[in-house]
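The following dialogue concerns the reading of a protein model.

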Amino acid sequence: MKKKNLIFVGAPGSGKGTISGMLLKEVTLAHISTGDILRDEIKRGTPLGVQASEIMKSGGLVSDDIVVGMVRERLAKDDCKNGFILDGFPRTVNQAELLGKVLADLGMELDAVIFFNVPDQVLLERLTSRLTCKACGAVFNKLSMKPQVEGVCDKCQGELIQRADDSLETATNRLKVFYAQTQAVIDYYRASGKMIELNNLTSEQSMDVLKKELF
Ligand SMILES: [Zn+2]
């Protein structure tokens with residue numbers, strides 16, 4: 001199996017998480033999520049973790065230098081020598097540039113940036129498809145796990161509602177935030193010639209493309 005150093009970019013609802021899970025069942029790559037690293041550093045009380053935790057307690061945003069420092073430590077670990085997926089990082093062009101330096105420093109090279117390019121309309125449909133039972137909390141999905149009777153819980157006959165987290169307003173806002181931050185990163189990597197775009201593909205199609213192009 002060829003080792004690959006990859007970045008996965010995709011909006012909420014783009015299927016990025018699903019595909020990374022499917023891929024990791026078939027190939028051995030370190031899965032790197034900055035959220036996981038941050039939680040781990042804070043838990044272990046490392047110098048970077050202590051710094052980050054103090055900033056977060058005071059309501060601030062952890063700086064790019066700290067985040068990239070954590071990513072650097074993670075990339076230097078042994079399991080990354082067989083390749084890695086950076087999942088949802090970098091988020092800004094500044095982070096992307098810092099990451100470039102870190103990789104060069106570590107003697108690593110990026111093989112590809114995978115962009116899960118899904119139209120907003122489809123993302124919004126997915127992000128607003130969850131239904132929750134008002135009575136028992138059971139979760140259904142308008143697209144993938146429909147209740148037997150529309151609007152009624154299969155388990156307790158309670159009323160199914162859309163929670164505020166799953167509302168069109170919240171979903172629209174999440175996408176707005178994502179693109180405001182990340183569009184420039186997408187453009188940055190597109191210009192690098194290393195981007196593989198998965199344009200609104202099913203999971204199976206995405207896997208086929210990735211295997212053909214990379215492994
Ligand atoms: Zn119920």
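**Reading the fold and its helices**

Q: What share of the contacts between residues at least 6 apart in sequence join residues at least 24 apart?
A: In this predicted model, the share is 72% for the protein chain.

Q: How many helices and strands does the protein chain have, and what box do its C-alpha atoms fill?
A: The chain contains eight helices and eight strands. Taken along the principal axes, the box filled by the C-alpha atoms is roughly 60 × 45 × 30 Å.

Q: What percentage of the residues in the protein chain is buried?
A: Of the 215 residues in the chain, 25% are buried.

Q: How is the packing of two helices to be read, and what are the values for H2 and H3?
A: In general, a packed pair is described by the angle between the two axes and by the distance between them. Here, the axes of H2 (residues 34-44) and H3 (residues 47-57) cross at roughly 105 degrees and come within 7 Å. H2 is therefore roughly perpendicular to H3, since angles of 65 to 115 degrees count as such.

Q: Which residues meet where H2 contacts H3?
A: From H2 come Leu38, Glu41, Ile42 and Arg44; from H3, Leu48, Gly49, Ala52 and Ser53. By class, the residues of this contact comprise four nonpolar, two polar and two charged.

Q: What span does H5 reach, and what span is expected?
A: Helix H5 (residues 93-105), with 13 residues, reaches 18 Å from its first C-alpha to its last, close to the expected 18 Å. Glycine 107 follows H5 and has a positive phi, near 70 degrees.

Definitions and conventions: Residues are numbered from 1 along each chain as its sequence is written. This is a predicted model: local features need pLDDT of at least 70, side-chain atom pairs count only at pLDDT 80 or more; totals for chains, interfaces and linings use all residues. Axes are lines fitted to C-alpha atoms, for helices over the stretch in contact, and angles run from 0 to 180 degrees between N-to-C directions. Helices (H or I, at least four residues) and strands (E, at least two) are DSSP runs, numbered from the N terminus. Angles under 35 degrees count as roughly parallel, over 145 as roughly antiparallel, 65 to 115 as roughly perpendicular and the rest as oblique. Two residues are in contact if their C-beta atoms, placed from the backbone, lie within 7 Å. Ala, Val, Leu, Ile, Met, Phe, Trp, Tyr, Cys and Pro count as nonpolar, Asp, Glu, Lys and Arg as charged, and the others, Gly among them, as polar. A residue is buried if 20 or more other C-beta atoms lie within 10 Å of its own, exposed if 12 or fewer, and partly exposed in between; C-beta atoms are placed from the backbone. The expected span of a helix is 1.5 Å times one less than its number of residues.
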